[in-house]
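Subject: Structure handover

Hi,

Here is the structure I said I would pass on. Please open it alongside this note.

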Amino acid sequence: MMPDDDERFMRLALQEAEEALATEDIPVGCLVVREGQIIGRAHNMREAWADPTAHAELIALRQAGAAVGCWRLEGAIVYCTVEPCCMCAGALVNARVTRLVYGVADPKTGACGSVLDIPREPRLNHRLEVRGGVLAAEALDLLRRFFQVHRER
């Protein structure tokens, strides 16, 4: 896929992130794309489901696996509005995702280059290509608006 595709799919991930606001979850959106088709999409549902593992990435990966009938997602590209945490980065590696594209880096919990670099860890059995910073300003703006509202409460 071309960089234009990265921006197009990231815009859709940002729309998905907006959906999290209705459940008062941190607005993170994620898409799983293979051969140009969206096979998984989700937003954070931790608050709504009272589930600490209900991150957008994990939900989208589950959908993608169900869509293709296999946990191995070779050839898939994951678009996430925020740099994945260690749990989600580990899931990307375990799912054999080919590529990750994310929006804004997470300097506190990011595990795809910021705090840790799980997708490129040479000791693991799979590595994936990572591109960060795609529509980062838009993703950051969404996060800032969310946290501003929550601080005012």
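This is a predicted model: local features need pLDDT of at least 70, side-chain atom pairs count only at pLDDT 80 or more; totals for chains, interfaces and linings use all residues.

**Core**

The largest nonpolar core holds 47 residues. Val32, Leu61, Leu73, Val78, Tyr79, Val97 and Leu100 touch the most other members. Helices α1, α3 (56–68), α4 (86–94) and α5 (136–152) each give two or more residues to this core.

Take Val78 as a way in. Beyond its neighbours within four places in sequence, Val78 contacts Cys30, Leu31, Val32, Leu61, Leu92, Val97, Arg99, Leu100 and Val101.

**Arg99**

One of those contacts of Val78 is a charged residue, Arg99. Where does Arg99 sit? It is found in strand β4, residues 99–104. Arg99 has a relative accessible area of 10%. That is under the 20% cut-off, so Arg99 counts as buried.

Residues up to four places away aside, Arg99 touches Asp6, Ala76, Ile77, Val78, Tyr79, Leu128, Glu129 and Arg131. The side chains of Arg99 and Glu129 are joined by a polar contact of 3.1 Å. Salt bridges link Asp6, Arg99, Glu129 and Arg131 in a network.

**Other salt bridges**

Side chains of opposite charge can pair when their charged atoms come close. The model has 10 salt bridges by the rule used.

- Asp5 and Arg8: the closest N and O atoms are 3.3 Å apart. Both residues lie in helix α1, three residues apart, about one turn of the helix. Asp5 is partly exposed at 21% relative accessibility, and Arg8 is partly exposed at 44%.
- Arg145 and Asp141: their side chains meet at 3.2 Å, N to O. Both are in helix α5, four residues apart, again about one turn. Arg145 is partly exposed at 39%. Asp141 is also partly exposed, at 39%.
- Asp117 and Arg120: the N to O distance is 3.0 Å. Asp117 is partly exposed at 31%, and so is Arg120 at 37%.

**Ala22**

Is Ala22 buried or exposed? Ala22 has a relative accessible area of 72%, so it counts as exposed. Ala22 lies in the loop between α1 (3–20) and β1 (29–34). From Ala22 to Asn94 is 72 residues in sequence and 31 Å in space, C-alpha to C-alpha.

Best wishes

How values were computed:
Residues are numbered from 1 along each chain as its sequence is written. Side-chain values use heavy atoms; hydrogens and water are left out. Buried means under 20% relative accessible area, exposed over 50%, partly exposed in between (1.4 Å probe, protein chains only). A polar contact is a pair of N or O atoms within 3.5 Å; within protein, one must be able to donate a hydrogen and the other to accept it, and residues adjacent in sequence count only if both atoms are side-chain atoms. Contact means heavy atoms within 4.5 Å. A nonpolar core is a set of buried Ala, Val, Leu, Ile, Met, Phe, Trp, Tyr and Cys residues joined through side-chain atoms within 4.5 Å. A salt bridge is a side-chain nitrogen of Lys or Arg within 4 Å of a carboxyl oxygen of Asp or Glu.
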